[in-house]
Amino acid sequence: MEKFGKIYNKIDTEADNGNLGKLPDEDSKKESNEKMTKEEFERQFLQGKQELQRLIDAHKRLFASFAGDNSLNFMLSDGFYFLPEKGEVHIDTKWFFEEGYTKEQVIWACFHELGHFRDMVQNPEEYLENFAYIREQAKKTGKVLEKKWREKYEQSDPKFIEQITKQKPIDPKDPSKGTMSLVEQSAYGMHHRFFNVLDDIYVNEDVRRRAPRYKKGSEGDREVVKKLYKEKLFVGSDYSKDSRNTQLINTLLRSEMIDDEDVVVSEEIQQILDEERMYRGYKYTIKSLIDEKLKPQKGVDTNPAERYKLIKKLIEPIFIELLMKDIEEMEVQKPQKQKGGESGEEESGEGQQGGQPDMGEIGEDENSGENNEGEGEEEGEGEGEGEGEGEGEDGGENGDITPEDLNPFSGECPQNKNPDQFSPEDIEEFLKKAKEKKDEDERRKNMTPEERTEEDRRKAQREWDEEHNIDEKERDAFNEIVQKINPYLDDLVELWKSIAYGKGRSFNVVKTKWHKKGSLDVGRAIDQMPNIESSVKKGELDKLRLKTKNELRENIENKPELIKVRFVGDLSGSMDDEKRRVLKETMTLVLLSLKEFNEQLDLTRQKTQTKMKVETEAWVYGSTFKRIKEVHRDYGEEQSNIIKAVSVCNENLEFTRDDLVLGAVNDDITPQEQKNIVNKKTMELVFVVTDGVPYYQDKKGNDIYPIEETRVEIDKVIERGAIVRGFQIGDTSKSDQKIFNSVWNDGRQQNPGEIVGTDIAQLPTIIANTLKEYLGNVKV
């Protein structure tokens with residue numbers, strides 16, 4: 001894979017760096033939205049969505065190189081999430097427009113999400129273990145929080161306390177994952193955001209290091225990254241009135257991304273940030289520890305396992321101490337719900353479905369992480385569908401309470417929309433797929449090269465069949481037919497190749513005159529002697545033309561621009577299984593071999609400059625008729641239609657109306673096509689395979705033999721200049737053979753009808769020889 005930095009520098013991401021679409025900017029958004037109709041908004045949103053898709057598509061190679069995984073696809077969607085089983089990174093389209101992201105900021109956001117992917121794949125097991133660790137910490141903090149809630153409301157509102165402390169499955173489909181209460185879920189959000197902020201610092205540094213445009217101090221850093229964090233994600237720099245724990249984590253990330261502007265914090269937090277702590281014989285502040293030990297850099301192991309180990313040992317204890325102080329001092333307040341279960345303050349439930357990309361902004365959803373791994377389902381099912389719904393009704397004003405409603409620090413994170421980059425389910429699925437791939441690689445490693453080739457062929461065939469709606473029975477039956485006709489098929493293919501490569505072309509040697517160079521013609525020299533003497537005197541010998549040349553001239557022979565073959569098969573009730581088997585083999589031979597002929601012509605067309613092409617159709621008939629294969633120029637469609645056409649040959653169409661199907665073939669030949677046949681631009685061949693004679697019963701049950709009608713239609717085909725051949729197969733009576741001859745042969749100079757008889761297995765050979773007879777002398 002080409003190095004990421006080189007690819008990045010080839011792409012002009014600075015070009016046309018306006019806001020996506022034409023949605024209103026921040027200053028006029030409110031006023032414009034009031035005036036804009038729904039239809040106008042949808043129109044502009046659709047326009048912007050198309051623009052965003054083009055932007056994403058233009059950077060696919062860039063994203064693949066950055067992620068180190070060519071299988072990843074970026075999909076426009078209604079939220080931000082990752083589907084490891086499909087290798088899809090989903091992007092919340094609408095959010096980018098509502099937040100007014102520029103195109104460059106969208107690219108940065110995508111890099112950020114891919115950065116989390118790169119980090120996760122280093123050690124997915126550690127990511128998974130850290131989710132479990134956060135749950136453990138949330139359980140501990142949940143006990144402290146629960147005590148605060150009980151102290152205030154257990155006597156006055158026991159139903160509310162029961163509602164927020166009741167344990168429910170994290171994942172109803174997998175009880176082994178344990179349970180959590182709403183209070184514990186709110187605590188999970190607090191602990192999750194702490195780790196997420198430090199992950200964001202790592203990821204953002206990784207993007208900066210791998211994408212030179214965003215290197216600190218660069219134009220991309222100033223105009224894209226800093227503006228994004230300063231104007232959209234971290235508006236304002238005074239956190240001194242916030243809780244201790246949020247002051248700490250918000251300051252760490254904001255200072256990292258906007259390093260040219262000081263953050264105002266309380267004196268207590270400033271002392272903590274300035275304090276130096278010993279680690280392995282050296283003193284570090286929290287920031288210097290992050291810079292030297294937690295950011296990606298040469299010579300430092302920043303694998304998630306090592307990072308989390310260091311975080312838990314040196315930084316998390318400080319966070320937990322501040323969090324406990326905040327909880328001890330906080331005044332819990334029961335959330336008041338309006339009618340319909342909405343809180344008096346604006347909720348951020350949108351984040352649980354997928355909100356803005358998780359880039360460490362203050363707007364981190366403090367509980368969405370746990371929701372993504374199962375607690376969100378618990379909330380929806382427990383509170384909205386089952387027990388919780390009843391509690392909402394009984395509790396009156398309590399309604400449906402979310403973990404965020406119980407988080408006293410959520411007000412310090414105004415944009416609570418962020419989902420986890422990865423849920424535990426995502427990572428479990430990723431690990432499952434990784435194990436499956438490892439096992440699969442080991443299995444294939446133990447195979448012989450021939451076995452691998454055959455397996456790959458079968459896999460490609462299955463995928464092709466699925467794409468073209470070919471079921472397994474159709475494929476197996478067709479493959480069996482191909483196996484039987486392969487000798488005839490190979491023979492015809494060699495003929496088609498010789499024609500396509502011009503081996504069938506014939507030439508004559510023609511002597512041309514008169515030339516300056518070539519062989520001297522003595523007679524010409526004698527006749528031109530006076531001119532020769534004059535030319536010698538004048539020094540103009542180069543003007544004499546006394547010589548001849550032998551040149552190859554191609555003979556003008558049979559060179560049609562179009563060869564069209566219509567195969568017509570009898571599916572009347574008298575066609576038994578054996579006859580149908582031979583019919584299917586013969587149809588397959590004709591259609592497949594001529595498809596190969598056309599492919600060979602296309603392969604050599606640039607060299608031979610031939611206009612020749614081959615088209616095939618398949619028709620079947622009985623009491624009625626139908627065309628079961630059309631002409632297709634696409635090779636994939638041509639192949640699939642051949643398979644489907646052969647499958648139709650199992651049908652029973654009752655009687656034998658040769659006259660109807662031949663009449664349809666006549667009608668299908670247009671005046672222009674007939675003109676091309678007469679002018680030899682088109683060679684038209686019609687092959688009819690039947691086991692009997694024209695026959696049907698009228699409404700009264702009378703036997704009718706439309707012999708003359710069939711003969712008339714055959715004559716019409718011949719008059720149009722087409723070549724028509726009929727083949728009667730099977731054990732037929734002398735009477736049927738006589739009728740067949742009267743229909744096809746009697747009174748005609750050439751006998752287009754042939755009685756194959758009981759040795760019907762010879763039909764493919766006979767048809768192959770017939771194709772050679774008529775097509776063997778064509779020239780490209």
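The axes are lines fitted to C-alpha atoms, for helices over the stretch in contact, and the angles run from 0 to 180 degrees between N-to-C directions.

**Entry 1: ground rules and confidence**

I note that this is a predicted model, in which local features need pLDDT of at least 70 and side-chain atom pairs count only at pLDDT 80 or more, while totals for chains, interfaces and linings use all residues. Residues are numbered from 1 along each chain as its sequence is written, and side-chain values use heavy atoms, with hydrogens and water left out.

I then looked up the confidence, given as pLDDT (the predictor's confidence in each residue, from 0 to 100). The chain has a mean pLDDT of 81, with 83% of its residues at 70 or more. Confidence is lowest in helix α15 (residues 350–353), where the mean is 31, and highest in α12, where it is 96. For residues 1–17 the pLDDT is below 50, although this stretch has 41 contacts in the model beyond near neighbours in sequence, a contact meaning heavy atoms within 4.5 Å. Residues 20–33 also have a pLDDT below 50, and that stretch has 26 contacts beyond near neighbours in sequence. I keep in mind that where pLDDT is low, the predicted coordinates should not be read in detail.

**Entry 2: the chain as a whole**

I find 29 helices and 18 strands in the chain, where helices (H or I, at least four residues) and strands (E, at least two) are DSSP runs numbered from the N terminus. Of the 780 residues, 52% are buried, and here buried means under 20% relative accessible area, exposed over 50% and partly exposed in between (1.4 Å probe, protein chains only). Among contacts with a separation of 6 or more, 76% are between residues 24 or more positions apart.

**Entry 3: the six-stranded sheet**

I traced an open sheet of six strands with mixed pairing, in the order β13-β12-β11-β14-β17-β18; two strands pair if DSSP finds at least two bridges between them. At the edges are β13 (625–629) and β18 (753–757), each of which pairs on one side only. Neighbouring strands of the sheet are turned by 20 degrees against each other on average, direction ignored.

Strand β11 (residues 562–570) runs parallel to β14 and is joined to it by eight bridges, with arginine 566 opposite valine 686 of β14. Between β14 and β17 (residues 723–729) the pairing is also parallel, over six bridges, and leucine 685 has isoleucine 723 of β17 as its bridge partner. I also followed β11 to β12 (residues 613–621), where nine bridges join the parallel strands and glycine 569 stands opposite valine 620.

**Entry 4: two helix pairs**

Two packed helices are described by the angle between their axes and the distance between the axes. For α23 (residues 577–608) and α24 (residues 635–648) I read an angle of about 175 degrees and axes 10 Å apart, and the two are therefore roughly antiparallel. Their contact includes Met587, Leu591 and Lys595 of α23 and Tyr635, Ile642 and Val646 of α24.

The axes of α12 and α14 come within 12 Å and cross at roughly 170 degrees, so this pair is roughly antiparallel. The contact is made by Glu268, Ile269 and Ile272 of α12 with Ile318, Leu322 and Lys325 of α14.

Methionine 257 lies in helix α11 (residues 244–257) and is buried, at a relative accessible area of 0%. Beyond its neighbours within four places in sequence, I find methionine 257 in contact with Trp108, Asn204, Arg208, Val225, Lys226 and Tyr229. Valine 225 is 32 residues away in sequence from methionine 257 and 7.6 Å away, C-alpha to C-alpha.

In helix α13 (residues 286–294) the buried residues are Ile286, Ser288, Leu289, Ile290 and Leu294, and they pack against α9 (182–210), α11, α12 (267–274), β6 (277–279), β7 (282–284) and α14 (304–329).

Technical notes. Parallel < 35°, antiparallel > 145°, perpendicular 65-115°, else oblique.
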